[in-house]
Amino acid sequence: MVDTASPKPTACLALADGTVFYGHGFGATGRRVAELCFNTAMTGYQEIMTDPSYAGQIVTFTFPHIGNTGVTPEDDETADPVAAGMVVKWDPTMASNWRATEELKAWLTRTGRIAIGGIDTRRLTRAIRQQGAPHVALEHNPEGKFDLEALVASARAWPGLEGMDLAKDVTCAQSYRWDEMRWAWPEGYSRQEAPKHKVVAIDYGAKRNILRCLASAGCDVTVLPANATSEEVLAHNPDGVFLSNGPGDPAATGVYAVPMIKDILDKTDLPVFGICLGHQMLALALGAKTIKMNHGHHGANHPVKEHATGKVEITSMNHGFAVDAQTLPEGVEETHISLFDGSNCGIRMTNRPVYSVQHHPEASPGPQDSFYLFERFAEAMDARKA
């Protein structure tokens with residue numbers, strides 16, 4: 001779809017089935033090939049673009065007003081954008097927000113991310129829902145010259161996320177400490193100066209706000225790379241182990257992550273808490289299986305029900321794979337489900353403080369419906385010490 005006010009399209013989105021969308025390019029120039037997903041959140045485009053879980057994906061934003069609050073380094077979930085590209089209905093307008101330090105277009109250009117505007121995102125979203133998340137090629141060329149055959153061919157040649165271990169690409173290079181807590185008015189971010197618990201967090205693509213929530217729950221957090229061994233984890237003498245979010249196929253990352261988690265579970269009685277990919281890693285370590293979803297869950301308005309209490313939480317989600325609840329072994333029970341499609345959103349061991357959730361309790365869509373999960377982790381570490 002092309003805005004008639006523009007003399008010619010400067011960006012092109014080609015799907016592997018041959019469908020082509022024309023629009024206005026902004027941000028960096030060049031070509032990116034990835035899986036296309038859509039996100040229904042009305043806020044948080046900067047957090048979405050910098051969420052490491054979006055590695056290997058181009059994000060279609062269904063909300064049309066993208067860019068109107070600009071960007072600020074305070075809202076980055078990691079140092080630079082990780083999502084491969086951005087698709088929006090309207091070109092970003094000038095930012096109007098007292099916290100903004102940069103315009104979205106300039107930020108995307110500086111960080112090397114391609115975006116396309118002027119797209120019929122409703123039509124595109126329907127295609128994703130009906131056909132499944134497609135492989136696509138997105139190109140921004142200010143001259144408006146596109147080799148459509150080459151674009152479609154590159155989309156078809158892309159191998160897809162199944163079997164792809166992307167955690168190794170977004171994890172930290174070396175261990176580090178984290179003590180920054182959640183943002184609060186008016187002081188902003190403060191430091192955890194009196195932690196009660198030592199936690200080792202395994203970084204499969206950890207969002208900064210997850211680490212902030214751990215710190216706010218009283219944790220002294222040490223972050224280790226995704227390929228850390230159980231010996232390296234236990235060398236820190238932790239009170240608990242956290243398994244972070246991340247991108248890619250959980251079965252592929254599980255090749256090295258699952259043996260480490262199994263070893264921790266076999267050798268210790270430490271509380272273990274996982275989110276998103278960490279949830280899937282724990283499920284695999286306990287003997288369950290994961291499956292690729294048709295188009296995944298990406299948004300900030302997903303209702304999730306906790307079985308034990310009947311409580312419904314409004315949650316943020318970002319996942320294209322899910323735990324198959326039918327494969328949960330004896331001694332592991334489902335704790336949460338999605339009220340959109342009944343898919344699994346949480347598990348726990350029935351006899352130990354080992355649990356995980358698929359949704360993102362740190363992302364504040366509720367805004368604090370799910371923060372109790374971090375408090376529950378802290379309480380489990382308290383109970384073990386007692």
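By class, the lining of the largest pocket in this predicted model comprises 14 nonpolar, 17 polar and 11 charged residues. The volume of the largest pocket is about 1,000 Å³, and its lining is made up of 42 residues, of which Thr43, Gly44, Glu47, Asp75 and Ala363 lie nearest the centre. At least two lining residues are supplied by each of helix H1 (45–49), helix H6 (208–216), strand S13 (289–306) and strand S14 (312–324). Helix H1 gives the most to the lining of the largest pocket, with 4 residues.

The second largest pocket holds about 290 Å³ of space and is lined by 14 residues, with Phe38, Arg129, His295, His302 and Phe340 lying nearest its centre. Helix H3 (121–131) and strand S13 each contribute at least two residues to the lining of the second largest pocket, and the largest share, 8 residues, comes from S13. Divided by class, the lining of the second largest pocket has 3 nonpolar, 9 polar and 2 charged residues.

Contacts between aromatic rings were examined next. A pair of aromatic rings is described by the distance of the centres and the angle of the planes. The count comes to 7 aromatic pairs. One of them joins phenylalanine 273 and tyrosine 355, whose ring centres are 4.8 Å apart and whose planes stand at 25°, so the pair is stacked, the cut-off for stacking being under 30 degrees. Phenylalanine 273 lies in strand S12 (residues 272–275) and tyrosine 355 in strand S17 (residues 354–357), so this pair ties together parts that are 82 residues apart in sequence. Phenylalanine 273 and tyrosine 355 are both buried.

A tilted aromatic pair is formed by phenylalanine 371 and phenylalanine 374, with 5.5 Å from centre to centre and 35° between the planes. Phenylalanine 371 has a relative accessible area of 8% and is therefore buried, and phenylalanine 374, at 1% relative accessibility, likewise counts as buried. The residues of these two pairs belong to one aromatic cluster, which is formed by Phe242, Phe273, Tyr355, Phe371, Phe374 and Phe377.

Charged groups placed over aromatic rings complete the description. The charged end of arginine 182 sits over the ring of phenylalanine 371, at 3.8 Å from the ring centre; phenylalanine 371 is also a partner of phenylalanine 374 in the tilted pair.

Terms used. Residues numbered from 1 in each chain as written. Predicted model: local features only at pLDDT ≥ 70, side-chain atom pairs only at ≥ 80, totals over all residues. Heavy atoms only, no water. 1 Å grid on protein atoms, 1.4 Å probe; cavity = no way out; pocket = protein on both sides within 12 Å on 5 of 7 lines; lining within 4 Å. Points joined across faces, edges and corners; volume = space filled by probe spheres on them. Nonpolar A, V, L, I, M, F, W, Y, C, P; charged D, E, K, R; others polar. Phe/Tyr/Trp six-rings, centres within 6.5 Å; stacked < 30°, edge-to-face > 60°. Buried < 20%, exposed > 50% of the residue type's maximum accessible area, 1.4 Å probe, protein only. Lys NZ or Arg CZ within 6 Å of the ring centre and 35° of its normal.
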